[in-house]
Amino acid sequence: MTINGMPNIILLKLWFYLQCKNLHGDFFIIGGGLLMLRIGLAQIDIALGKREENYRRVRNWMEQYFTPSSLATAIVLPEIWDVGYALEEGERLADPQGSGAAAFLAGLAKEYGVWFAGGSVLAKSGAGNVNRAQVIDPTGRLVTQYDKVHLIPLMNEDRYLKAGNSEGLFEIEGVCAGCVICYDIRFCELLRLYAIKGAKVLFVSAEWPQIRIDHWKALLRARAIENMMYVVACNRVGTSKETLFGGSSMVIDPWGEVLYEGGSGEEGVFVEIDPGKVQSIRDHLQVFRMRRPELYQGLSE
């Protein structure tokens with residue numbers, strides 16, 4: 001039996017293919033394609049304790065890799081991109097409130113017409129030194145800042161830094177997004193909270209070591225899949241204090257598909273994402289609707 005000369009088995013295979021593609025978000029009609037964002041991953045090495053040198057490296061990255069686009073563009077930098085993990089020299093190196101770094105990025109944001117979303121610095125706050133991510137819009141305005149809430153003992157953060165106490169949610173071109181820093185991705189509760197509050201894109205800045213790079217890749221995919229959100233993650237490269245950092249910056253879609261994975265050296269790439277797909281996937285899987293918060297009370301202990 002055929003329909004318009006096409007065998008039923010071929011029609012069935014075509015239908016199945018289109019359904020699979022739909023679930024992966026490629027052909028979403030409702031909720032997809034309304035607003036595209038372009039993500040720039042600045043996977044760079046960091047000169048330990050040398051702020052001006054790192055400013056120069058970020059500017060050089062923009063000059064080398066940036067290309068104009070009609071899409072709103074967000075650049076993501078690594079963790080503590082301004083001075084690296086020179087935490088023991090924090091008294092000398094910490095940037096008061098991160099204002100110097102914010103002013104530097106504001107200048108670049110206005111010059112190139114881009115966002116800087118994530119990328120943390122060593123900042124001196126009223127409570128002490130913090131690992132602070134900053135979000136700058138294309139007008140140079142500091143939209144929000146986020147102080148890393150989970151301090152990693154392996155890097156002596158708990159010894160030299162104060163932990164933050166608030167989330168890092170913000171809007172980028174009308175899209176709800178959030179930022180976290182490195183070790184935070186091991187704490188799924190925080191990222192689920194972001195998703196419940198509407199975040200569709202998660203920006204991650206990191207100095208993740210090569211020795212645990214498989215954890216980095218697995219955790220990022222897990223956070224994307226379980227929260228049905230885009231995960232945009234920038235890791236540094238190079239060596240500091242005998243620690244080799246692994247690069248492998250990533251862009252992952254809400255279905256867990258890796259749209260881009262970087263190598264182990266300095267590089268720059270721009271990847272387009274479609275935040276409109278997020279709600280379509282969430283509506284299809286209905287994970288949030290089927291949650292049982294009354295059974296999760298022990299997580300607050």
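The structure is a predicted model, in which local features need pLDDT of at least 70 and side-chain atom pairs count only at pLDDT 80 or more, while totals for chains, interfaces and linings use all residues. Residues are numbered from 1 along each chain as its sequence is written, and side-chain values use heavy atoms, with hydrogens and water left out.

## Overall composition

The protein chain has 8 helices and 17 strands. Helices (H or I, at least four residues) and strands (E, at least two) are DSSP runs, numbered from the N terminus. Of the 301 residues of the chain, 51% count as buried; buried means under 20% relative accessible area, exposed over 50%, and partly exposed in between (1.4 Å probe, protein chains only). Among the contacts in the chain with a separation of 6 or more, 69% come from residues 24 or more positions apart. Contact means heavy atoms within 4.5 Å.

Helix H2 covers residues 51–65, and its 15 residues should span 21 Å at 1.5 Å a residue; the end C-alpha atoms are 21 Å apart, which agrees. The expected span of a helix is 1.5 Å times one less than its number of residues. The buried residues of H2 are Arg51, Asn54, Tyr55, Val58, Trp61 and Met62. Seen down the axis of H2, these buried residues fall within an arc of 120 degrees, so they line one face of the helix. The arc is that of the directions from the helix axis to the C-beta atoms. The face of H2 turned away from its buried side carries the exposed residues Glu52, Glu63 and Gln64.

The axes of H2 and helix H4 (residues 99–112) come within 12 Å and cross at roughly 15 degrees. Axes are lines fitted to C-alpha atoms, for helices over the stretch in contact, and angles run from 0 to 180 degrees between N-to-C directions. H2 and H4 are therefore roughly parallel to each other; angles under 35 degrees count as roughly parallel, over 145 as roughly antiparallel, 65 to 115 as roughly perpendicular and the rest as oblique. The contact is made by Tyr55, Val58, Arg59, Met62 and Glu63 of H2 and by Gly100, Ala101, Phe104, Leu108, Glu111 and Tyr112 of H4.

Leucine 108 is placed in helix H4 and is buried, with a relative accessible area of 0%. Not counting residues up to four places away in sequence, leucine 108 touches Val58, Arg59, Met62, Gly113, Val114 and Phe116.

## Helix H7 and its surroundings

The 15 residues of H7 should also span 21 Å at 1.5 Å a residue, and its end C-alpha atoms are 21 Å apart, which agrees. The buried residues of H7 are Ile213, Trp216, Leu219, Leu220, Arg223, Ala224 and Asn227. Seen down the axis of H7, they fall within an arc of 130 degrees, so they line one face of the helix. These buried residues pack against several elements, including H6, strand S11 (201–206) and helix H8 (276–285).

The axes of helix H6 (residues 188–196) and helix H7 (residues 213–227) come within 10 Å and cross at roughly 40 degrees. That makes H6 oblique to H7. Cys188, Leu191, Arg192 and Ala195 of H6 make the contact with Arg223, Glu226 and Asn227 of H7.

Leucine 41 lies in strand S3 (residues 37–43) and counts as buried at 2% relative accessibility. Among the residues that leucine 41 touches are Trp61, Val232, Met250 and Val269. Glutamate 266 is found in the loop between strand S16 (258–261) and strand S17 (267–273). Leaving aside neighbours within four places in sequence, glutamate 266 is in contact with Gln43, Ile44, Asp45, Tyr65 and Val237.

| Pair | Separation along the chain | C-alpha distance |
|---|---|---|
| Leucine 108 and valine 58 | 50 residues | 9.4 Å |
| Leucine 41 and valine 271 | 230 residues | 8.3 Å |
| Glutamate 266 and glutamine 43 | 223 residues | 5.4 Å |

## Residues with positive phi

Most residues other than glycine have a negative phi. Serine 248 has a positive phi of about 60 degrees although it is not a glycine. Serine 248 is in the loop between S14 and S15 and is buried, with a relative accessible area of 7%. Glutamine 286, also not a glycine, has a positive phi of about 60 degrees. Glutamine 286 is in the segment after H8 and is partly exposed, with a relative accessible area of 32%. Methionine 228, which follows H7, has a positive phi near 50 degrees.
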